[in-house]
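Colleague: I'm new to this one. Could you take me through a single part of it, slowly, and tell me what packs against what?

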Amino acid sequence: MFRVGLTGGIAAGKSVALDRFAERGAFVIDADVLAREAVAPGTVGLEEVVAEFGGEILADDGSLDRARLGALVFGDDEARRRLNGIVHPEVRRLSAEREALVAARDPRAVVVHDIPLLVETGQAETFHLVVVVVAPEDVRLRRLVTSRGLTEDEARARIAAQATDAERLAVADVTLDGGGDPDTLRAEVDALWERIARETVEELA
């Protein structure tokens with residue numbers, strides 16, 4: 001099994017890259033999806049988040065009000081650390097479970113993990129290949145404001161809460177350009193996929 005760690009700053013274009021990897025045949029594991037599963041209603045994760053931050057972070061239906069929780073933790077390093085201490089272990093457990101299922105079905109599979117906080121959580125060394133999607137900060141700010149409805153201050157706080165571009169580039173084996181046309185990014189993924197396919201064949205030969 002060939003393991004790829006995909007990361008990049010918020011709104012850099014990771015989703016476009018991840019979707020293209022899936023189209024090319026990779027098995028993808030999205031840490032953001034797992035993070036939502038980890039705090040779904042009825043989970044131990046949600047119980048621990050409520051115990052830590054209070055019942056006001058719940059919506060009327062008992063689910064996590066992510067916007068309200070985000071307002072509490074972004075811009076507050078200590079609160080964010082407490083939240084990550086609850087959610088990250090659950091995400092890693094769920095990720096390992098999914099990867100084990102893939103390995104059992106196809107030992108030659110290419111598994112792409114989309115992990116926004118790959119650098120922050122110290123996981124770079126666990127992958128065969130680390131791929132970083134890059135985009136200028138002004139482009140990312142504009143996307144967060146126009147596409148996700150954040151204020152500029154909220155967008156800047158989300159960006160500041162993550163690793164810097166320099167920190168991500170320091171662990172990158174490959175960089176992909178997510179700052180422009182999505183088709184350009186898809187073409188870069190295609191080229192990388194061909195490289196991965198050659199390398200995995202050579203390893204198995």
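Modeller: Let's look at one helix pair and then at the core. This is a predicted model, where local features need pLDDT of at least 70, side-chain atom pairs count only at pLDDT 80 or more, and totals for chains, interfaces and linings use all residues. Residues are numbered from 1 along each chain as its sequence is written, and side-chain values use heavy atoms, with hydrogens and water left out.

Start with helix H2 (residues 31–38) and helix H5 (residues 77–105), which pack at about 115° with their axes 9 Å apart. Helices here are DSSP runs of H or I, at least four residues, and strands are E runs of at least two, numbered from the N terminus. Axes are lines fitted to C-alpha atoms, over the stretch in contact for helices, and angles run from 0 to 180 degrees between N-to-C directions. H2 and H5 are therefore roughly perpendicular, a label covering 65 to 115 degrees.

Who touches whom? On the H2 side are Ala-31, Leu-34, Ala-35, Glu-37 and Ala-38, meeting Val-87, Glu-90, Val-91, Leu-94, Ser-95 and Arg-98 in H5; contact means heavy atoms within 4.5 Å.

Now the largest nonpolar core: of its 28 residues, Val-49, Phe-53, Leu-64, Leu-69 and Leu-83 touch the most other members. Such a core is a set of buried Ala, Val, Leu, Ile, Met, Phe, Trp, Tyr and Cys residues joined through side-chain atoms within 4.5 Å, with buried meaning under 20% relative accessible area (1.4 Å probe, protein chains only). H5 gives this core the most, 7 residues. Leaving aside neighbours within four places in sequence, Val-49 is in contact with Val-39, Gly-54, Ile-57, Leu-64, Leu-69, Leu-83 and Ile-86. A second, separate core has 21 residues, including Val-4 and Phe-21.

Technical notes: Angles under 35 degrees count as roughly parallel, over 145 as roughly antiparallel, 65 to 115 as roughly perpendicular and the rest as oblique. Buried means under 20% relative accessible area, exposed over 50%, partly exposed in between (1.4 Å probe, protein chains only).
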